[in-house]
Amino acid sequence: MADYDVPELHEYPIIPKLKEGVMAHSSPFIAAEKFQGPLGFPGELPENWKDIAIDKMGELLGKYRSLQVFLDICVHCGACTDKCHYFLGTTDAKNMPVARQELLRKVYRRYFTFAGKYFPKLVGAVDLSEEVLDDWYSYFHQCSQCRRCSVFCPYGIDTAEISMAAREILDAVGKGQKYCNEIIGKVFVIGNNLGLPERALADTLEGLEEDIEDETGVKVRLPLDVKGADILVVTPSADFFAEPHVDGLIGYAKVFHEAGVSWTLSSHASEAANFGMFIGSYENMRKLSLRIREAALELGVKRIVFGECGHAWRVAYSFLNTLAGPFDFLDPKYPVPQHILEFTYNLIQEGKLRLNKSENDHMRVTFHDSCNIARGAGMGQMEGGQFIIPREVIKAVCNHFYDMPQDTIHDATYCCGGGGGLLTDDLMELRVKGAQPRMEALKTVTEEHGITNLAAICAICKSQFAKVLPYYGFTMDQIVSVHQLVSNAIVLTGSEQEAELAAEAESK
Amino acid sequence: MSYVSTLYVGLFYAATVILVVGVALRIKKYAQIPAPLKIPTMPAPRTEAGVAMRMFREVVFFESLFRSNKWTWIFGYLFHFGMLLVLLRHLRYFTEPVWFWVNWVQPFGKYAAFAMLAGLLGLWARRFLVDRVRYISTPSDHLMLALLVGIVMSGLGMAYLAHTDIVAVKAFFLGLMHLSPQPLPGDLFLLVHLGLVALLMIIFPISKLLHAPGVFFSPTRNQVDDSRERRHIAPWAKELEASER
């Protein structure tokens, strides 16, 4: 299947012995000039790239407290070294979070600290060179910015912050990643990561409406660009056509239908995802999120609800207010924005949804906490709500739910291996190896509880798992959306399912 | 006064200035750089009081380190807690009369020094025995541990092997504080101990010891989770917005 070895899954997690340089060959495609320009980056390495890079580092040190503090206070204690899924899966020493940070820190020390300027060998400071730059490009695209390391660092040093800064510096000297930068460009021009234009989107939604009517006998709408709707729904574009994402979208539509709310999607803001975060670019991240503000104003909505997307939810929950706020033109009764799970969970608590759990009886489900949601966002205005709410919703629609081992879930969850702009074919080896810890946990719970399906609420996780599960002896259809489970169980008013249930009840 | 006494007077004045000014400048820098985005490691407290508790648990119990690695936690905690007791006991050299609660620490001081040593040696051993920690250890990491071990052992040397005239030592330090320098005993252990301490003070603001003030500025630990409720925006970001209108 592959020209590299797929890591083994053990009965108990093993911390591997480190090897040097085994993933140095891993490097995503470089962005051509046409993808760099629209984002404000040079198309290739300028002559004075060294000065530009060091100036950029200085600029970032003055703009981000996280960068300055994290580069200064690491004591090399090694607490983080066995916590990164990429280290565990690849064993490459530079994938240990502290070692990854050192790639940047050793240059920071050389140009910005007393010890680095006058006693470089003592503190491991080095000059910036093309070799170092290439190393940055390779290894900062072996970090999915999942923040797991920050949970275990005594000071909360977050390699994601270092990784974002490094990619910003790389972009400033023309070394951008094709995957992320091309996609960001597409959103600017067309409105979403997939380059799905308005007409194609409208056709897709019509097709889904027909599918739902065939399945349930009910006309459930998926509205697009409706002025005056109450709720603007912003969801990852993968929800419009990929499997199992689209089953989640169908689930949201059914929930909104039963709730009787008026809602709409937007072709201008047809993308929840925000790849600007991955490249550490405040300006680009902001430009992308402003589309949501623009759509909300244009359509005159009162609420904004996000669909199942991981990093999008981090940007939405933690950054949207900062980047595109204030949202004082929206209904203050509701948080801005909300997550579809908050919406569904509230309805369930109010008893407003009829759910037939037996529709999911063929499945024994476990839940994958997506990194950006677990460690980068919240839900339900309670600490840890992002762990509680998805599980409560699953338990409301499924009879068989079991968690993976405690030290692999909640804030200790393992990244799927495809996040942070790494969900690309040119990084396949990295993605397969990075998935190892999560796959190992899945195997454990499968053996213990006969798990048949893995549920997730992140478009990247769903795509990554669909690709990577087969490498580890699972099948690609085992990954499901949480709102797919809801879609299976929900009983719509006036539906065939409702009639069947009524008939069953009468005949008893 | 002897040449050595004068040298140490100068050394400690210089070290104190470097330490205080150096750390103050760093703290000023950390305080003045904005944290433009809400990035607390979630789940995070939703109130300021909650954040204070989180920071308290980190600084007093090393909560995150405990979750990460029990061995590193044991050695790290032994060292830091031992150091705390030792430093508190050392206050007797800088205060007259000695504060009453410093007298309570007295009996623990010597055990604390051994705890410190055990912690330091354990941490140092990890830098050789664990491949992951060996890989990331720079010369300065080893030297820092050597420095601290040197301070502890020279201190223990004075406690158990060759007593020094601690009354004169106290007079020396009180003299420094009152700008009226007094002579310093010339014992080897004492000169080594104080020399290494001065070195520690001097390198503090240019080394990883900045983790001490720095942890309080870590955005992943000191931010409140209220991003939806309150708009958090840095001055430079506000300017960016304003420039677009």
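**Close-up views of the predicted model**

**View 1. Pairing of strands E6 and E7 in chain A.** A:Ala455 stands opposite A:Val480, a residue of E7(A). The model shown here and in the other views is predicted. Strand E6 of chain A covers residues 453-456 and pairs with E7(A) in the parallel sense, over three bridges.

**View 2. The open sheet E5-E6-E7 of chain A.** Three strands, in the order E5-E6-E7 (chain A), make up an open sheet with parallel pairing. Strands E5 (365-367) and E7 (479-481) of chain A are at the edges; each has a single partner strand, so one side of each is left without a neighbour in the sheet. From one strand to the next, the twist averages 40°.

**View 3. The largest nonpolar core.** This core has 169 residues. A:Ala455, shown in View 1 opposite A:Val480, is among the residues with the most contacts inside the core, together with A:Ala165, A:Phe306, A:Ile394 and A:Leu485. Helix H15 of chain A (residues 310-324) gives the most to the core, with nine residues. The core lies between domain 1 (33-176) and domain 2 (184-489) of chain A, because both give residues to it.

**View 4. Surroundings of A:Ala165.** A:Ala165 is one of the residues with the most contacts inside the largest nonpolar core. Leaving aside neighbours within four places in sequence, A:Ala165 is in contact with A:Leu60, A:Tyr64, A:Leu67, A:Leu104 and A:Gly280.

How values were computed:
Residues numbered from 1 in each chain as written. Chains lettered and ligands numbered in written order. Predicted model: local features only at pLDDT ≥ 70, side-chain atom pairs only at ≥ 80, totals over all residues. Pairing = 2+ DSSP bridges. Helix = DSSP H or I, 4+ residues; strand = E, 2+ residues; numbered from the N terminus. Axes fitted to C-alpha atoms, helices over the stretch in contact; angles between N-to-C directions. Core = buried A, V, L, I, M, F, W, Y, C linked by C-beta atoms within 7 Å. Buried ≥ 20, exposed ≤ 12 C-beta atoms within 10 Å, placed from the backbone. Domains from an automatic or database assignment. Contact = placed C-beta atoms within 7 Å.
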